[in-house]
Amino acid sequence: MKEYSEEILGKYQCGFRLQRRTMDQIFVVRQILEKFYAHYIDLHLLFIDFKKAFDSINQKKLLESLASFGIPKKVEQLVKMTLERAQGKVTVDGKISNPFVTGRGVRQGDGLSATLFNLILRIALKNLEKSNTILNRLTQICGYVNDILVTARSLQLLKHCVLR
């Protein structure tokens with residue numbers, strides 16, 4: 001799955017990917033801030049934290065998106081098999097609950113979950129991402145696993161970027 005997702009994911013996302021780290025994105029933001037400050041250019045930042053990100057994924061939409069990305073049917077079916085009828089248990093005060101079926105989200109800690117989340121996030125952000133950087137265009141996004149930073153040269157552009 002990672003092999004296919006690397007071709008699909010944008011350059012903005014550095015979380016849970018080979019050869020990319022969130023520290024790289026922190027360095028990018030620091031460089032942007034320094035350059036804009038040095039040249040007295042306005043910069044607006046919006047940090048988006050996807051609360052319960054892995055738990056909120058609609059599995060049906062996820063599987064539809066895999067097909068739209070051109071993921072081979074066999075891989076799509078394997079992903080579907082890992083999600084279907086998945087069960088969980090909760091421990092409270094040392095007592096384990098009865099099993100319950102999870103119909104939403106992906107399992108945190110599962111090696112596949114981060115890749116699936118990144119693919120869903122790619123769909124959500126496809127209109128935001130453009131090539132180049134904030135230095136030669138008006139907006140830019142940086143991905144930190146399940147958090148996103150949107151930068152823009154004006155508050156109006158930032159609002160337009162995220163409210164479309």
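Is Y40 buried or exposed? Y40 is exposed, with a relative accessible area of 77%; buried means under 20% relative accessible area, exposed over 50%, and partly exposed in between (1.4 Å probe, protein chains only).

## Basis of the model

The model is predicted: local features need pLDDT of at least 70, side-chain atom pairs count only at pLDDT 80 or more, and totals for chains, interfaces and linings use all residues. Residues are numbered from 1 along each chain as its sequence is written, and side-chain values use heavy atoms, with hydrogens and water left out.

## Overall architecture

The protein chain contains 6 helices and 7 strands. Helices (H or I, at least four residues) and strands (E, at least two) are DSSP runs, numbered from the N terminus. In sequence order the elements follow the pattern α-α-β-α-α-β-β-β-β-α-β-β-α.

Of the 164 residues in the protein chain, 38% count as buried. The accessible surface of the protein chain comes to about 10700 Å², and carbon and sulfur atoms hold 55% of that surface. Accessible areas come from the Shrake-Rupley method with a 1.4 Å probe; for residues, only the protein chains shown count as cover. Among contacts in the protein chain with a separation of 6 or more, 62% join residues 24 or more positions apart, where contact means heavy atoms within 4.5 Å.

## Packing of α3 against α4

Helix α3 (residues 59-68) packs with helix α4 (residues 73-83) at an angle of about 170 degrees, and their axes are 10 Å apart. Axes are lines fitted to C-alpha atoms, for helices over the stretch in contact, and angles run from 0 to 180 degrees between N-to-C directions. The two helices α3 and α4 are therefore roughly antiparallel to each other; angles under 35 degrees count as roughly parallel, over 145 as roughly antiparallel, 65 to 115 as roughly perpendicular and the rest as oblique.

On the α3 side, the contact is made by Q59, L62, L63, L66 and A67, and on the α4 side by E76, V79, K80 and L83. By class, the contact of α3 with α4 has 6 nonpolar, 1 polar and 2 charged residues. Here Ala, Val, Leu, Ile, Met, Phe, Trp, Tyr, Cys and Pro count as nonpolar, Asp, Glu, Lys and Arg as charged, and the others, Gly among them, as polar.

## Salt bridges

A salt bridge is a side-chain nitrogen of Lys or Arg within 4 Å of a carboxyl oxygen of Asp or Glu, and by this rule the count comes to 4. One of them joins the side chains of R30 and E34 (3.0 Å, N to O). R30 and E34 are 4 residues apart in helix α2 (residues 22-38), so about one helical turn separates them. R30 counts as exposed at 55% relative accessibility, whereas E34 counts as partly exposed at 39%.

Another salt bridge joins E64 and K61 (4.0 Å, N to O). Both residues lie in helix α3, 3 residues apart, about one turn of the helix. E64 is partly exposed at 42%, and K61 is exposed at 51%. The side chains of E84 and K80 also meet in a salt bridge (3.9 Å, N to O); E84 is partly exposed at 37%, as is K80 at 31%. K80 is also among the α4 residues that make the contact with α3.

## Positive phi in loops

Y40 is a residue other than glycine with a positive phi, near 55 degrees. Its place is in the loop between α2 and β1 (44-49).

D93 likewise has a positive phi near 55 degrees and is not glycine. D93 lies in the loop between β3 (91-92) and β4 (95-96), and D93 counts as exposed at 78% relative accessibility.
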